[in-house]
Amino acid sequence: MLRIPFERYRLDNGLRVILSREPRAPVVAVNLWYGVGSRDERPGRTGFAHLFEHMMFQGSAHVPETAHFALIEKAGGSLNGSTWLDRTNYFETLPAHYLDLALWLESDRMGWLLPAMTQAKLDNQRDVVKNERRWRVDNQPYGDWDERLQAMMYPPEHPYHHSVIGSMEDLDAASLEDVEQFFRTYYAPNNAVLTLCGDFEIAHALERVRYWFGEIPPGPPVPPIPGVTEVPPFLGEHVRAVVEQDISLPRVYIGFRIPPYGTPGYYPAAVTAHVLAWGKASLLYRRLVRELRVAQDVAAYAFPFVVGAAMLVIWATARPGVTADALEAALDRELAGLRDVDAADVERAIHLIEVRHLSDLQRVDERADLLSMFTMLFDDPDRINTELDRVRAVTPQAVREFAEARIIEENRATLQYVPRDGRRGS
Amino acid sequence: MSVPDRTQPPEPGPIRPFAFPRLERRQLANGFNVIAARAGDLPLVTALLVVDAGAAADPAGKAGLANLTALALETGTRTRSAGEIAWAFERLGVEFEVETTWDASSFEITVPAGRLEPALELFAEVVRSPAFPEREVARLRDEQLAHILQRRKEPRALASDMAARFIFAPEVPYARPLIGTTASVETLTRDDVEAFYRARYVPNASSLILVGAVDIDEAERLARLYFGDWPRGVAPRTDFDVVRAVHETTIFVVDRPGSVQSEIRIGDVGVERHHPDYFPLLVMNTILGGAFTSRLNLSLRERHGFTYGARSGFAFRRKPGPFIVQVAVATDVTARAVEEALKEIRLLRDMGATEEETAAARDYLAGILPLELQTTEQIAARIADIVVFDLPDTYFQDYRARLATVTADDVLRVARTHLRSDRLAIVVVGDAEQITEPLRTLGVGPVEVHRVE
């Protein structure tokens, strides 16, 4: 039975604090989740939550430009931030005796970011982010698949319709006023979770958290997510697209709407993803890669989104000589087989999830991030210990019922990538 | 409660001790090495088998064979098919992971301690009695060929492959991709795989590393049980000379029409893992391009906004691997980015670094060591370095003390010795029509334009 210890607190300004002691190594992970992501962007400002994340590393009232990275690295720590649909996180792992340094840096930018913001910094980071988009998306084979699939899976008024990285035009339009407004709206202690995991005494750490964060005033109530957050549980039709790209092998992505992360309906979808494509005994690997030899690789993932509907995405890359249509037909046959999946397939998937979860929990930074996540999304940090029970409770019958209800034509988006030189049909 | 003084970074508290887990070793009569290290607070064990069968040992004309052999082990034994092996591992929750580097092939599982014995029994069967079924080997070979095809369209992989090709003379193994070329992989047969396996997979050139909830006595017992009767063989040696391909700085444009970015690699022959300048080079590279706040990233990203990130690194192998600066930049600033990167290289070589920069780089490298040793997999990987490069067992105990001796004078000395600007291979994968003329105008050396067939 898993027993990751933690204590939870709430400061007067609304900051939720999770302290998890793990003294095995002299390191501490400091992790902050802000309840804001690309879902909160307004029309014409796609990509802004992520651009803002970059600005958070450009110094604050008492921290000079570039000092944030320099001070942590000089202390022998590693750090980064990331933006996702439902949240933005900031994290550093560093030698335990530098805990105060991390708290000083994080509290300064939570409380006093704006005095350090300049047009020159914004212009520079805009160029950096546009290059990030070129690197991840525009110059990369299949690089725009998530952007395309999200647009197919969610209607234009839904906050998941657009990608985290956003469009070049919207990045160009971002202004210093946007930075100020976004900060005042979303970056406040009452919209954040701070988790510390590692080598410290609980009482001392709590005292230091109060010391650095206690005087930051709360912000106004966080506005509701813009747009229409409810979507029907099913897409309603089979949405299709074919993209020609400069690639050597065709690839097929298939998406299905599934219940949001954290709801009981999500877990059969997560187990199904592992049944399908995790490991060499998975359904798709053994059939499409090893036996039929139509696929070069296969993958499946239940994206853990929380607003309205999440998505299960399955993808496969064709072997040379195999068309996208032939690959898709082979995928279809295996997906149909899910309706009478064997108990052994489900048991295998659950065992793999269990061991991977345990293995991930070896890292204090991973523990901290999970504790922040479960607190922010579900107000329940103990899910770090109990989440596996939800996975273990998924029965073969639940997977079959999930497949019958959700893996259907009327709930499906298919995105094919084909080499630019042609040859699509069989 | 007092009001915080936010005007200065807070002072650190007292440093807390860190120790690399203690290694214990045993050797079986057949020369098989067993190493154990107790680590972690979760009931997990990582088992990592390292075999002296890396890609540098590929026979002439058979590039990609080491990689194919390692992948083929799990596709059949005398008693089990590929599907049965996968089932047997995965119903225990275990993934069998395979990796081939230039110097070794390795096989790894991470398993709940209570299932270690059955998992290791299967692991040993896979490693010791592979059947190499014809049909499975052919499938894996075709997948390897398809990967080679994919790498031609993937700009980062293409740039790295082309850099290796232009840094090293054609007869050096490092000049070609580790997974081989279309021409070499097309010739690989099941018999090649079996012959390579017989020559290279012997207990006296293999080490089993167990890390986690396990001790050396248990490790030895399991090793005896499953590897004790593996017959000793002749441990072959791999030897070759590393020869450079370019003798004056040359720009190789690799045309990728329509690219919105250029993938730049600035490369040279580096040094071997055992080079006496190893620690000063780590510090010097951290200053140049080994961390976020290194000079290349601060210049190309934070000052100029040309890129999402720039970095540099030495690939330390048994023989001198490449030194490479890598950065992807917007197409219209390609030549300026090359110019700025070369400027940083020259500046460090000519002027060295300040004491302050040197101290920051030393402290960074010393500090991140424990962060990178949190998991049984990470610790096992470091022990594998000890095995592959024949380092002392106390190596990581002494690591921080050795870093601490590096001075700014050392940084200047190794920059002058190892950073050259007069014989670099500069590879730029991008839209030749847009970038070739500006690169010529730079005047750093001849410019050749290549097309990928």
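This is a predicted model: local features need pLDDT of at least 70, side-chain atom pairs count only at pLDDT 80 or more; totals for chains, interfaces and linings use all residues.

Reply: Helix α12(B) gives the most to the lining of the largest pocket, contributing six residues. In total, 26 residues line the pocket. Those that lie nearest its centre are A70(A), L71(A) and K74(A) from one chain, with E356(B) and A360(B) from the other. The space inside the pocket comes to about 610 Å³. Sorted by class, the lining holds 14 nonpolar residues, seven charged ones and five polar ones.

Turning to chain B as a whole, 16 helices and twelve strands are found in it. Its C-alpha trace spans about 70 × 65 × 40 Å along the principal axes. The radius of gyration of chain B is 24 Å, which agrees with a compact globule, because a globule of 453 residues would have a value near 22 Å. Of the 453 residues in chain B, 60% are buried. Among contacts in chain B with a separation of 6 or more, 83% join residues 24 or more positions apart.

The strands of chain B include a hairpin formed by β4(B) and β5(B), with four residues between them. Residues 97-100 make up β4(B) and residues 105-112 make up β5(B); the two strands pair in the antiparallel sense over four bridges. In one of the pairings, T100(B) has S105(B) of β5(B) as its bridge partner.

Terms used
Residues are numbered from 1 along each chain as its sequence is written. Chains are lettered from A and ligands numbered from 1 in the order in which they are written. Side-chain values use heavy atoms; hydrogens and water are left out. Two strands pair if DSSP finds at least two bridges between them. On a 1 Å grid over the protein atoms alone, a cavity is a set of points where a 1.4 Å probe fits but cannot get out, and a pocket is an open set with protein on both sides within 12 Å along at least five of seven lines; lining residues have an atom within 4 Å of a point. Grid points are joined across faces, edges and corners, and a volume is the space filled by probe spheres set on the points. Ala, Val, Leu, Ile, Met, Phe, Trp, Tyr, Cys and Pro count as nonpolar, Asp, Glu, Lys and Arg as charged, and the others, Gly among them, as polar. The radius of gyration is taken over C-alpha atoms; the globule rule is 2.2 Å times the number of residues to the power 0.38. Buried means under 20% relative accessible area, exposed over 50%, partly exposed in between (1.4 Å probe, protein chains only). Contact means heavy atoms within 4.5 Å.
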